[in-house]
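Good morning, and thank you for coming.

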Amino acid sequence: MADIPVYLVAGFLDAGKTNFINGILEDGFARQDPTLLLCCEEGEEEYEKNALDNVTVITIEDEEDLKCSYLKELEKEYHPKQVLIEYNGMWQMERLYREVLPANWVLYQIMTFVYAPTFEMYAKNMGQLMMEKITNADMLVFNRCTPELRDALRKRNLRMVNRRADIYLEMEDGTSEDYLTGDECPFDLSQDLIDVPDDDFGVWYVDVMDHPDRWAGKMVHMKLIMCHSKKYPGIHCPGRFVMTCCENDIQSVSYTHLTLPTSDLVHGSHRQGHEPEPVPEPGLGGGHRPDGGGEARRLQGQGAGDACDLHRAL
């Protein structure tokens with residue numbers, strides 16, 4: 001069976017989910033592809049009838065009615081090319097991922113909408129429901145912000161909660177602002193040891209290139225491949241191989257502003273016979289940035305590479 005992309009629109013009542021769906025439908029989201037729209041929550045706003053051409057709307061009122069078998073029946077009956085889900089804010093999203101979506105229904109994007117004036121209340125009283133919407137979002141929009149709410153949200157530094165999402169602040173006057181001002185750090189720098197998960201190496205690398213001063217003297221922990229060079233004894237190049245453009249463009253991205261004694265390598269696993277890829281010359285900023293920026297300045301590595309956990313002050 002062909003994959004069917006699923007676009008999940010999440011948030012509590014009055015967050016702006018229906019308005020968003022009306023907007024993308026009016027812009028032609030379903031103009032070419034038959035679309036199935038699952039409405040799991042009915043608020044004050046209604047779908048614009050003139051925007052529902054090529055769209056089949058199915059209302060699901062009870063969570064127990066949202067089952068994998070039922071979605072397969074809808075697929076067989078309506079043959080959608082894509083699916084929009086306006087999800088009920090009181091239903092847990094994890095169940096949808098694990099139990100409900102058929103195998104060929106591929107979750108392409110999660111868009112979370114938050115009514116800014118009630119964010120603190122929901123975060124305090126329904127923390128788990130609120131935070132799963134924020135941590136899983138690919139796009140996060142706070143609606144009806146005042147200047148005071150905007151400043152309070154930025155002080156929270158939600159980038160530490162979700163490092164990949166595009167976050168926007170929709171102001172009461174209709175203007176929109178990017179949540180990021182350029183000063184936010186995606187990691188909690190107040191910790192004695194800052195853990196960098198595998199999936200966030202690219203985020204860390206870009207941030208340490210853009211803001212090297214705030215990382216000076218910090219202790220970090222991450223999994224890296226360690227490359228060595230006979231040309232520069234005592235210089236080690238911990239880094240990862242990343243996809244800078246496409247799967248055919250895998251580059252070695254290394255941080256070479258380190259001189260590490262062997263005692264700083266824990267759980268090292270020597271990889272015999274491995275010739276490392278060319279790595280940047282010593283100094284912060286060499287090599288390809290994961291976001292495509294930066295200039296490649298290279299030397300030819302000679303020797304074996306180690307797969308290791310790095311636990312070292314920068």
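**Cores and pockets**

Leaving aside residues up to four places away in sequence, Leu 66 touches Ile 60, Leu 71, Tyr 87, Trp 91, Arg 95, Leu 96 and Val 100. Please bear in mind that this is a predicted model.

Leu 66 belongs to the largest nonpolar core, which has 22 residues. Together with Leu 38, Leu 71, Val 83, Ile 85, Tyr 87 and Trp 105, Leu 66 is among those touching the most other members. Which elements give two or more residues to this core? They are strands S1 (4-10), S2 (35-39), S4 (82-86) and S5 (105-115), along with helices H2 (68-78) and H3 (93-100). The largest share, four residues, is that of S1.

There is also a second, separate core of 20 residues, including Phe 12, Met 130, Phe 142 and Ile 167. As general background, nonpolar side chains in soluble globular proteins tend to be buried together.

I now turn to the pockets. The largest pocket holds about 440 Å³ of space. Of its 22 lining residues, Arg 159, Arg 163, Arg 164, Pro 186 and Val 203 lie nearest the centre. Helix H7 (residues 201-210) supplies the largest share of that lining, five residues.

Notes: Residues numbered from 1 in each chain as written. Predicted model: local features only at pLDDT ≥ 70, side-chain atom pairs only at ≥ 80, totals over all residues. Heavy atoms only, no water. Core = buried A, V, L, I, M, F, W, Y, C linked by side-chain atoms within 4.5 Å. Buried < 20%, exposed > 50% of the residue type's maximum accessible area, 1.4 Å probe, protein only. Contact = heavy atoms within 4.5 Å. 1 Å grid on protein atoms, 1.4 Å probe; cavity = no way out; pocket = protein on both sides within 12 Å on 5 of 7 lines; lining within 4 Å. Points joined across faces, edges and corners; volume = space filled by probe spheres on them.
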